[in-house]
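Have a look at the sequence and the model first, then read the points in order.

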Amino acid sequence: MGFLDNSGDIILDAVLTDTGRKRMAEGGFSIVKFSPGDDEIDYSLYNANHPSGSAYYDLEILQSPVMEAATKRASAIKYGLLSISRTDLVYMPSLRTNQKISDGLNKLGNVFHLAVNRATYENISGLVDEKYILEPNTNTPSKSLVIESGIDTTQRTATLENRTAMLSETGLLDSLYEFRFDSRFLAGLNSLQAGKFANLADGTRDISLNAFSSRPSVGAGDFIEDYSSAIANSIPNLVAKRDGDTTGNDLSEFTGPRGTMTAATLIPSVEINAEGSASPSFYTLYGKTGLTEAQLGFGSGGTLYDTIDTTVYVRGLTTGAQLQIPLRLVRKQG
Amino acid sequence: MPINYELIDATSDVATTRTLLHEVIPLTGTIVSGTYGVFPNDENIKNYSHGQFQSVYDYPFLSSSANHIFDLSVGYDETSARSGSASVQNKKKINMYNQMSQVLLGYTGSTNKVRLFESDLTLDESVSNVMREVFVINFSRLLTKDEIKKGSFSISVKTGSYFGPAAGYITGGAAVYSDATTTETQGTLNTVGGDYGVLSSSTDGVGGVVFYQAGIAFLTASAFSGNLGPTLGTIATVKAGGPSLQPVGFYSDGVKTWHTVDELLTGSSISGACDAVRQRIENISFNNTTEINSTIYFCRMPHNKFNYSSNPTYLSGGSIRVKNERRTNPPISYITTIGLYNSANELLAVAKLSEPLRKDPTNELTLRVRLDY
């Protein structure tokens, strides 16, 4: 894709996407809505302290080159603009993976790890702490991917009152989360359906994450080829600053008001979850085979592993806040 | 994928338009003969084993870069004096004429006889106007697109005598036949094959006709009797009011130096006749026409929508950058893209702005997205 000529009048470069052409061929081409996007914009270029005045605050943004419209997936709007009628919002929530609570999966070597079968899980959980390895395909996981939403600031205290004022009243609580994952490697998602995520006045945890169930997935090929998406419910994130020294910071990744949370485990696909010494072809095609425990940070034993690295995308369906989760799928050989 | 969409009202936000685009198509005679290889074995000329026509490309046709420009052929009606069992490829020349005629002019009479091409706009088979022998230039759709623009076609042909490859082959005059008197609304006759106009020259009379939608030009054999050409060797089928004399040396087949047009039509194969015509083409020029049907979607963004972004750079430490920590500052977003979706949220079309457009609560934007078909 080249850049559009931005030396003269503003022009619109419009093309049909491959999906549009397909629908036209099928006789089902019907445009009923639109949405604007700003994927090329780097808002960090907004300089509200420009010495030449407000006319110059967004000068660099307005000079951003825009790429030509592409017909394939690269043209898809990744983020999109939000319609929020209030104009007085100063803060918006973002997403984080919670690695503070004992129920949460932790990164090992900057990635999360998912065992693709039971034999691998039992092997690795005997080598490293359970918090580093996700159990496959279970509704009763000891650890799970815990996703929190909240306001990432130290300027506003994480009280329940601020949660109400900054998130509830402003309509910025994500009640649903969308997980998007590579369907070649992951067959689906088990997500939290109910539970509790709070702290008590004395600072102790009041957390119960044990009602998981399988969620149906649908194709998300217009996002990334071979990707599927599944919707997970959320529960209120009521970890808050309470009486005394209780801040909740030991349980939550956010220091500002917290919104909602969800948790999920993942189901490896049948193409990669086979036990045995022979490596399934996907590991040769898309990953690595024969890695040692030392290479993976599991220890110094002689067991060999196959791995595939992938990314799971999580998005709040109210705020559009997004999170990328680097995930390593691990399979024990033999 | 976006979170928020705005509905498009099919009654007030969608409009359709039709636009005609024209491109100038100049074809020089040097492309038609002499540029690639040695005439008549030019590498951009493709002959077929069936021998019914010859294809002209803009580059050696074995290359994938070559584009088909037009096909050449020759034909005559079975009532022509050239028609006879002794004529080379007699049947194929008649077939070619009949095929063109039945597609472009249709049939007439109780016996459903194919019509004859005529050099005027009245299909009355007047003896003085019928064109029983024609050279056919069948342009590729790549060039003509939807149709040739009326009033834009001209063809310049050399009408002088042929002196053979060594001496340089054409001397004498050239005739420029055009449809300059034709306009979009007059000067044409509509037939089953579309509209056609007459190709004429103020000095050389009528040289043929051009069918605009079909993209086919016909030159009558007598088109080559230019004023400056040699004055020998007449053929019987001349147009009314045009010169009755033909250039003597129309073509050389290497055996006999001089062939008249008459001899060419009877004694040469179709491909040989095409070679002869090809080297006499000086220039062809016309404007093509592309009809573009467009749907315009008016994407209206009210003042209270799309002022915030889910772009990850929108926040800094949870704070909206463009607000600069002040509640009273307006939210601002910068639009670079418009996605058009169906009811299943599938992205059917996408439009890119050449530069970002500021959106805030003080303005409303209407972006006009045009999709061409």
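1. Let's begin where the two chains meet, keeping in mind that this is a predicted model. Across the interface of chain A and chain B, 39 residue pairs are in polar contact, both partners being at pLDDT 80 or more. On the chain A side, S1, H1, S2, H2, S3 and S15 each supply at least two of the residues that touch chain B. That side divides into 36 nonpolar, 21 polar and 18 charged residues.

2. Next, the extent of this interface. Chain A brings 75 residues to the contact and chain B brings 70. About 6700 Å² is buried between the two chains, with carbon and sulfur atoms giving 59% of that area. In chain A, the residues that lose the most area to chain B are Lys33(A), Phe34(A) and Tyr43(A).

3. There are also four salt bridges between chain A and chain B. One of them joins Asp88(A) to Arg327(B), whose closest N and O atoms are 2.9 Å apart.

4. Now for the nonpolar core. The largest one has 45 residues, and Ile31(A), Met92(A), Ile335(B), Ile338(B) and Leu340(B) have the most contacts inside it. S23(B) gives the most to this core, with five residues. Leu340(B) is in contact with residues of both chains, including Ile31(A), Phe34(A), Tyr297(B) and Val369(B).

5. Finally, please look at Pro331(B), in the loop between S21 and S22 of chain B. Is Pro331(B) buried or exposed? Pro331(B) counts as buried because its relative accessibility is 0%. Among the residues Pro331(B) touches are Thr87(A), Tyr308(B) and Lys359(B).

Definitions and conventions
Residues numbered from 1 in each chain as written. Chains lettered and ligands numbered in written order. Predicted model: local features only at pLDDT ≥ 70, side-chain atom pairs only at ≥ 80, totals over all residues. Heavy atoms only, no water. Core = buried A, V, L, I, M, F, W, Y, C linked by side-chain atoms within 4.5 Å. Buried < 20%, exposed > 50% of the residue type's maximum accessible area, 1.4 Å probe, protein only. Helix = DSSP H or I, 4+ residues; strand = E, 2+ residues; numbered from the N terminus. Contact = heavy atoms within 4.5 Å. Buried area = accessible area lost by both parts, 1.4 Å probe. Salt bridge = Lys/Arg side-chain N within 4 Å of Asp/Glu carboxyl O. Polar contact = N/O pair within 3.5 Å; in protein donor to acceptor, adjacent residues only side chain to side chain. Nonpolar A, V, L, I, M, F, W, Y, C, P; charged D, E, K, R; others polar. Lists of a residue's contacts leave out its neighbours within four places in sequence.
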